[in-house]
Amino acid sequence: MAMSGETLRPGEVKVAAPPSADAALQFIGTIRTPWTRREDCPRQGRQDGPECRIELNPVWHPALEGLEDYETIEVLYWLDRSRRDLVRQSPRSDGSTIGTFALRSPVRPNPIGTSLVRLVRIEGGTLIVCGLDCLDDTPLIDLKPDRCAFTPMAPPKP
């Protein structure tokens with residue numbers, strides 16, 4: 001159902017969403033990986049790494065349409081078991097420190113993880129991918145085509 005004054009294009013489908021000023025996240029699924037302990041998790045995912053599963057909540061299954069056209073997708077996830085209180089960190093444990101925003105560390109004020117993964121296949125509402133670097137049972141925030149492979153078609157000029 002469209003909001004007052006909102007027009008949906010043919011074929012568009014929407015679900016109930018929080019107000020745009022609400023910064024709360026709505027997890028859209030769960031990521032399944034072989035890693036249950038942070039020390040076993042790879043520091044950065046590799047696209048030749050093990051197959052992992054991204055299980056979408058059923059309401060979001062129709063949102064996968066067209067994603068199979070991309071070899072690489074970006075996965076955004078909530079690092080729910082990460083600390084959120086370090087401004088400076090010592091990533092190599094060598095005594096030197098650097099600012100949190102200069103690192104890809106999972107320890108950050110808003111622990112949002114992102115990985116570019118290779119899309120192996122889609123099975124119903126489950127994506128099989130390679131290249132993740134998060135723990136099993138990590139909440140999924142969003143999926144996007146790789147920005148380098150996504151070129152929207154501009155409408156013709158009048």
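User: How many nonpolar, polar and charged residues are in the lining of the second largest pocket?

Analyst: Please keep in mind that this is a predicted model. As a general idea, rolling a probe the size of a water molecule over the atoms shows where empty space is left. In this structure, the lining of the second largest pocket has 8 nonpolar residues, 2 charged ones and no polar ones. The space in this pocket comes to about 170 Å³. Its lining includes I28, L56, W60 and D142, and β8 supplies the largest share of that lining, 4 residues.

User: What is the volume of the largest pocket, and which residues are the closest to its centre?

Analyst: The largest pocket has a volume of about 760 Å³. Of its 28 lining residues, R38, R104, S105, P106 and V107 are the closest to the centre. By class, the lining divides into 12 nonpolar, 8 polar and 8 charged residues. β6 gives the most to this lining, with 3 residues.

User: How many helices and strands does the chain have?

Analyst: The chain has 8 strands and 0 helices. Buried residues account for 30% of its 158 residues. Among contacts between residues at least 6 apart in sequence, 74% join residues at least 24 apart.

User: Which residues touch the most other members of the largest nonpolar core?

Analyst: This core holds 22 residues, and those touching the most other members are I54, V75, L127, V129, L132 and L143. At least two residues of the core come from each of β2 (51-56), β3 (72-78), β6 (112-123), β7 and β8. One may follow V129 as an example: leaving aside neighbours within four places in sequence, its contacts include P50, C52, I54, I73 and V117.

User: Is D146 buried or partly exposed?

Analyst: A residue counts as buried under 20% relative accessible area. D146 is therefore classed as buried, because its relative accessibility is 11%. D146 is found in the segment after β8. Not counting residues up to four places away in sequence, D146 touches T72, I73, E74 and L116.

User: How is a phi angle read, and what is the phi of D137?

Analyst: In general, most residues other than glycine have a negative phi. D137 is not a glycine, yet its phi is positive, at about 75 degrees. D137 lies in the loop between β7 (126-130) and β8 (138-145). With 41% relative accessibility, D137 counts as partly exposed.

Key: Residues are numbered from 1 along each chain as its sequence is written. This is a predicted model: local features need pLDDT of at least 70, side-chain atom pairs count only at pLDDT 80 or more; totals for chains, interfaces and linings use all residues. Side-chain values use heavy atoms; hydrogens and water are left out. Buried means under 20% relative accessible area, exposed over 50%, partly exposed in between (1.4 Å probe, protein chains only). Contact means heavy atoms within 4.5 Å. A nonpolar core is a set of buried Ala, Val, Leu, Ile, Met, Phe, Trp, Tyr and Cys residues joined through side-chain atoms within 4.5 Å. On a 1 Å grid over the protein atoms alone, a cavity is a set of points where a 1.4 Å probe fits but cannot get out, and a pocket is an open set with protein on both sides within 12 Å along at least five of seven lines; lining residues have an atom within 4 Å of a point. Grid points are joined across faces, edges and corners, and a volume is the space filled by probe spheres set on the points. Ala, Val, Leu, Ile, Met, Phe, Trp, Tyr, Cys and Pro count as nonpolar, Asp, Glu, Lys and Arg as charged, and the others, Gly among them, as polar.
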